[in-house]
Amino acid sequence: VPLGVMIYYTYIESWTLAFAIFSATKDYWGHTTQEGMIGYLRSFQGIAPEGAPTYHASFTPYAFFTVTLFINIFVLSRGISGGIEKLAKIGMPILFFFALILVGVVLTLPAQAGIGATPAQGLEFIYAPDLSRLNQPGIWLAAAGQIFFTLSVGMGSLQAYASYLSTKDDIALSGIATASTNEATEVVLGGSIAIPAAVVFFGVAGAMQIAQGGSFDLGFATMPVVFQQIDKTLPVGNLLGVMWFGLLFFAGITSSVAMLTPVTAFFREEFGIQREKVAWALGALCFMIGLMHVHWLGHGFLDEWDYWVGTFGLVLVAVLETVIFIWIFKPD
């Protein structure tokens, strides 16, 4: 499961790296509508409809995917303390720093002429519960898939990391701290940036329509429009764009390097193969399959892979894991 997730996760991660650079250079400046930015995004992804304008060379998504995967594998090859831990010590503080600045900017945005919506309405849009949806099985599957995905439940990562702890470490405290910090970052900080910003500039109805288009449109099409709008009154829009896509990149890479840890540990412990050899061999495998995600994105290849591996597969494996470990092998 983590190997399967890693392949397409790294590809999506490469989008955040690309758009951080595009923000710094103001490459997408001038696309000031949702439709214009979606066209720009589709051009980058190489799935623009025939006859639509293109803004990027055909090799651009392949190049960013290759660079992002190389960074991941390089960090993994350096080991837990020499690679992943060092990355986390650098990446996580930067992530929180960027997020807090963006939250502060978004929550102080004034209502826009002709829209009249405020950031407070955006927060209400996120947190006001709709209890009528609780009887829909799809909601529960999506929620379980999301929480299993984000906390790496059913992926072997928890067991791999736990094997590095000492017997004196407090597992329950570490688990609660990890889960609460992760959800506070993703839901509270992340949600308090994108949704309120969309509501302020597009209204509640517009934000709902954008949200139905998927999180990719919200993150990669709506937010760049917001940054350009902010730039008209406060000339730091491109810097905010770098922060937004930069925090997404750091959030992504600190997760993706962990996904290959269980597989790496398996080959090291069962066959005695050096970490560097395992890491680069896995990197080559991820690269070959990842190219299919890049090439066939427009045919739904990534969406199918994400559902069967990242949602359905995660829940299935986690349930089987619980039954086998607790009911068959017993907790003792």
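## Burial and overall form

Of the 332 residues in the protein, 43% are buried (buried means under 20% relative accessible area, exposed over 50% and partly exposed in between, with a 1.4 Å probe and protein chains only). This is a predicted model, in which local features need pLDDT of at least 70 and side-chain atom pairs count only at pLDDT 80 or more, while totals for chains, interfaces and linings use all residues. Residues are numbered from 1 along each chain as its sequence is written, and side-chain values use heavy atoms, with hydrogens and water left out.

The protein has 13 helices and 0 strands (both are DSSP runs numbered from the N terminus, helices being H or I of at least four residues and strands E of at least two). The radius of gyration is 21 Å, close to the 20 Å given by the globule rule for 332 residues, so the protein is as compact as a globular protein of that length. That radius is taken over C-alpha atoms, and the rule is 2.2 Å times the number of residues to the power 0.38. Along the principal axes, the C-alpha atoms fill a box of roughly 65 × 45 × 35 Å.

## Confidence

Mean pLDDT for the protein is 91, and 100% of the residues reach 70 or more (pLDDT is the predictor's confidence in each residue, from 0 to 100). Confidence is highest in helix 3, at a mean of 97, and lowest in helix 7 (residues 157-162), at 81.

## Salt bridges

The structure holds 2 salt bridges (a side-chain nitrogen of Lys or Arg within 4 Å of a carboxyl oxygen of Asp or Glu). In one of them, D217 meets R42 at 3.5 Å, N to O. D217 lies in helix 9 (residues 215-233) and R42 in helix 2, so the bridge ties together parts that are 175 residues apart in sequence. D217 counts as buried because its relative accessibility is 9%, whereas R42, at 24%, counts as partly exposed.

E85 also forms a salt bridge, with K89, and their closest N and O atoms are 3.3 Å apart. Both residues lie in helix 4 (residues 80-107), 4 residues apart, or about one turn of the helix. E85 is partly exposed at 35%; K89 is exposed at 59%.

## Aromatic pairs

There are 31 aromatic pairs (rings of Phe, Tyr and Trp, the last by its six-membered ring, with centres within 6.5 Å; planes under 30 degrees apart are stacked, over 60 edge-to-face and the rest tilted). Y28 and Y40 pair edge-to-face, 6.0 Å centre to centre with 75° between the planes. Y28 sits in the loop between helix 1 (2-24) and helix 2 (34-45), and Y40 in helix 2, 12 residues apart. Both Y28 and Y40 are buried.

F70 and F74 are stacked, at 6.4 Å centre to centre and 15° between the planes. They are separated by about one helical turn because they lie 4 residues apart in helix 3 (residues 60-77). F70 is partly exposed at 49% relative accessibility, and F74 is partly exposed at 41%.

K26, in the loop between helix 1 and helix 2, has a positive phi near 55° without being a glycine. K26 is partly exposed, at 36% relative accessibility. K330, in the segment after helix 13, is likewise not a glycine and has a positive phi of about 75°.

F329 is also found in the segment after helix 13 (301-328), and at 60% relative accessibility F329 counts as exposed.
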